[in-house]
Amino acid sequence: MPEPASLAELLRFQIEAGADTAIEEAPVDRYRKAAPAPSPEPPPAVAARPAARAATVALTPSSAAEASARELAAGCRNLAELRAALERFEGCALKETATKLVFADGNPEARIMLVGEAPGRDEDRQGLPFFGESGQLLDRMLAANGLDRTRVYVTNILPWRPPGNRSPSPEETTACLTFLRRHIELVAPAILVLLGGVSTATLLARSEGITRLRGRWFDFPLGESSIPAIPLFHPAYLLRQPAQKREAWRDLLEIKHKMERLT
């Protein structure tokens, strides 16, 4: 019989992974072979109409989610409307398991916009991006360069936390990416800072790792123009690899020099 402490730890892990709701009241033996269901009788033959045949061509769930995202995002004229559109959006399953929508933080009038990957546990509880330990390191990094959240704007690719901090699926990322692009359009920053490999690969469509791309400038296409974008190590990575903070500091200085050249 497992110890109570072990059972409590297992339960805590399941809750953090998103398994916090019982599906059925009684246990189900998944190994017992179920009896085959009787074959339904075929319906009486009915002459197919052209319009009826056309109506059977339906969108797949992923394409339907993308279409819904495009329609909602295109109609947003400001950030308040974009946030409301995300709250109405039903095309991403992460919304069902997350505690809060994590939209953004900082100054929407700032010239520097930072984009991470997805909210973590602390961000999910507070509804703010980069709120936990990695957020504290990000704030210290910004402060060392004369910046704070009144002078930058921070968001993520995903506005909802994946259960257990798992990697998001391509369908989840694609559905949310439409809203992120509209988010960037509405903020219209002078510089885009991509925090981590996932953010960099998603927005720049590059296959190289973050260690090869960090500190380099790229053009992020947006409409008929583009925005200078630079990848940086994610603060969570720097917490695990503190020796890389030297490279991160160099990248922050590069951002500072770029801002000076743009003003």
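Me: A cavity is a set of points on a 1 Å grid over the protein atoms alone where a 1.4 Å probe fits but cannot get out, and its volume is the space filled by probe spheres set on the points, joined across faces, edges and corners. How much space lies in the largest cavity?

Reply: About 90 Å³. Keep in mind that this is a predicted model, where local features need pLDDT of at least 70, side-chain atom pairs count only at pLDDT 80 or more, and totals for chains, interfaces and linings use all residues. Numbering runs from 1 along each chain as its sequence is written, and side-chain values use heavy atoms, leaving out hydrogens and water.

Me: Ok. How many cavities of 30 Å³ or more does the structure hold?

Reply: Two. The second largest cavity has about 70 Å³ of space.

Me: What lines the second largest cavity?

Reply: L86, V102, F103, T155, N156, I157, P159, C176, F179, L180 and H183. Both β3 (153-156) and α8 (170-187) supply at least two residues of the lining of the second largest cavity, and the largest share, four residues, is from α8. By type, the second largest cavity gets eight nonpolar, three polar and no charged residues.

Me: C176 is in that list. Where is the closest cysteine sulfur to the one in C176?

Reply: In C92, 4.0 Å away, which is too far for a bond. A disulfide needs a pair of cysteine sulfur atoms within 2.5 Å, and the count by that rule is zero.

Me: Is C92 buried or exposed?

Reply: C92 is buried, with a relative accessible area of 3%. C176 is buried too, at 2%. The cut-offs are under 20% relative accessible area for buried, over 50% for exposed and partly exposed in between, with a 1.4 Å probe and protein chains only. Across the 263 residues of the protein, 37% count as buried.

Me: Switching to open space. What's the volume of the largest pocket?

Reply: About 780 Å³. A pocket is an open set with protein on both sides within 12 Å along at least five of seven lines. There are 32 residues in the lining of the largest pocket, and A118, G120, N165, H234 and A236 lie nearest its centre.

Me: Which element gives the largest share of the lining of the largest pocket?

Reply: That's α11, with four residues. The elements that each supply at least two residues to the largest pocket are α1 (4-16), α6 (121-126), α7, α9 and α11 (235-240). The lining of the largest pocket divides into 13 nonpolar, 10 polar and nine charged residues.

Me: N165 is one of those nearest the centre of the largest pocket. Where is N165 found?

Reply: In the loop between β3 and α8. N165 is partly exposed at 46% relative accessible area. Its phi is near 60°, which is positive in a residue other than glycine.

Me: What about A205, what's its phi?

Reply: About 55°, a positive value although A205 is not a glycine. A205 lies in the loop between α9 (197-204) and α10 (210-213) and counts as exposed at 68% relative accessibility.

Me: How many helices and strands in the protein?

Reply: There are 12 helices and six strands.

Me: What pLDDT does the protein average?

Reply: The average is 84, and 77% of the residues score at least 70; pLDDT is the predictor's confidence in each residue, from 0 to 100. Residues 20-24 stay under 50, and the model has one contact beyond four places in sequence for them. Residues 45-57 are also below 50, with one contact in the model beyond near neighbours in sequence. Contact means heavy atoms within 4.5 Å.

Technical notes: On a 1 Å grid over the protein atoms alone, a cavity is a set of points where a 1.4 Å probe fits but cannot get out, and a pocket is an open set with protein on both sides within 12 Å along at least five of seven lines; lining residues have an atom within 4 Å of a point. Ala, Val, Leu, Ile, Met, Phe, Trp, Tyr, Cys and Pro count as nonpolar, Asp, Glu, Lys and Arg as charged, and the others, Gly among them, as polar.
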